Amino acid sequence: MSNLSAPDCKIFLDAEMSEREVISVVMQGLFPPGISDSGRCEVEILKNEDYDSSRRRAFPDGFVYFRYYLDLYMAEVATEEKAALVTRLLAYLWDDWGVPAVAACAFEQLLPEHGGYRSPHIPWPQ
């Protein structure tokens with residue numbers, strides 16, 4: 001991962017978990033057992049400095065105030081493969097954990113619910 005390169009995808013997520021728990025959940029979602037594509041993606045998990053416990057609830061733009069965000073770096077990976085990785089993670093967060101998450105990337109149109117922005121079908125903070 002290079003500090004000079006922009007991430008291929010940014011995912012904002014809101015979970016009342018410790019950073020360690022978020023890391024575990026994200027890694028399980030990206031690289032489940034039996035899937036051997038871990039070398040295709042690097043992830044950086046960061047606490048959101050703009051986190052706001054009230055503003056995060058505002059639909060649809062409150063996602064920028066979610067508790068965490070992920071920067072995903074997927075150099076030399078085809079767009080369809082990037083979308084597949086992000087789709088797998090979003091589905092895991094939304095469906096398996098009920099975690100509010102919104103993806104911001106150039107390939108949102110290839111993602112379920114277009115990455116979650118403006119979608120009433122994804123989990124949202126209460």
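This is a predicted model: local features need pLDDT of at least 70, side-chain atom pairs count only at pLDDT 80 or more; totals for chains, interfaces and linings use all residues.
User: How is the packing of two helices described, and what are the values for H1 and H2?

Analyst: Two packed helices are described by the angle between their axes and the distance between the axes. Here helix H1, residues 19–30, packs against helix H2, residues 79–97, at about 125°, and their axes are 8 Å apart. H1 and H2 are therefore oblique to each other. The crossing of H1 past H2 is right-handed.

User: Which residues of H1 and H2 make the contact?

Analyst: From H1, the contact uses Val25, Val26, Gln28, Gly29 and Leu30; from H2, Leu85, Arg88, Leu89, Tyr92, Leu93 and Trp97. Sorted by class, the contact of H1 with H2 has 8 nonpolar, 2 polar and 1 charged residues.

User: What is the order of the strands in the sheet?

Analyst: The sheet is open, with 4 strands in the order S2-S3-S1-S4 and antiparallel pairing. S2 and S4 are at the edges, each with a single partner strand, so one side of each has no neighbour in the sheet. On average, neighbouring strands of this sheet are turned by 20° against each other, direction ignored.

User: How many bridges join S2 to S3?

Analyst: The antiparallel strands S2 and S3 are joined by 6 bridges. Lys47 stands opposite Tyr68 in S3.

User: Which strands does H1 lie across?

Analyst: H1 lies across S1 (9–13), S2 and S3, and runs at about 150° to S2. H1 is also the helix that packs with H2.

User: What is the phi of Arg118?

Analyst: Arg118, a residue other than glycine, has a positive phi near 70°. Arg118 is also in the segment after S4.

User: What are the relative accessible areas of Glu113 and Arg118?

Analyst: Glu113 has a relative accessible area of 35% and is partly exposed. For Arg118 the value is 54%, and the cut-off for exposed is over 50%, so Arg118 is exposed.

Note on methods: Residues are numbered from 1 along each chain as its sequence is written. Side-chain values use heavy atoms; hydrogens and water are left out. Axes are lines fitted to C-alpha atoms, for helices over the stretch in contact, and angles run from 0 to 180 degrees between N-to-C directions. Angles under 35 degrees count as roughly parallel, over 145 as roughly antiparallel, 65 to 115 as roughly perpendicular and the rest as oblique. A crossing is left-handed if the near helix is turned anticlockwise from the far one by less than a right angle, and right-handed if clockwise. Contact means heavy atoms within 4.5 Å. Ala, Val, Leu, Ile, Met, Phe, Trp, Tyr, Cys and Pro count as nonpolar, Asp, Glu, Lys and Arg as charged, and the others, Gly among them, as polar. Buried means under 20% relative accessible area, exposed over 50%, partly exposed in between (1.4 Å probe, protein chains only). Two strands pair if DSSP finds at least two bridges between them.
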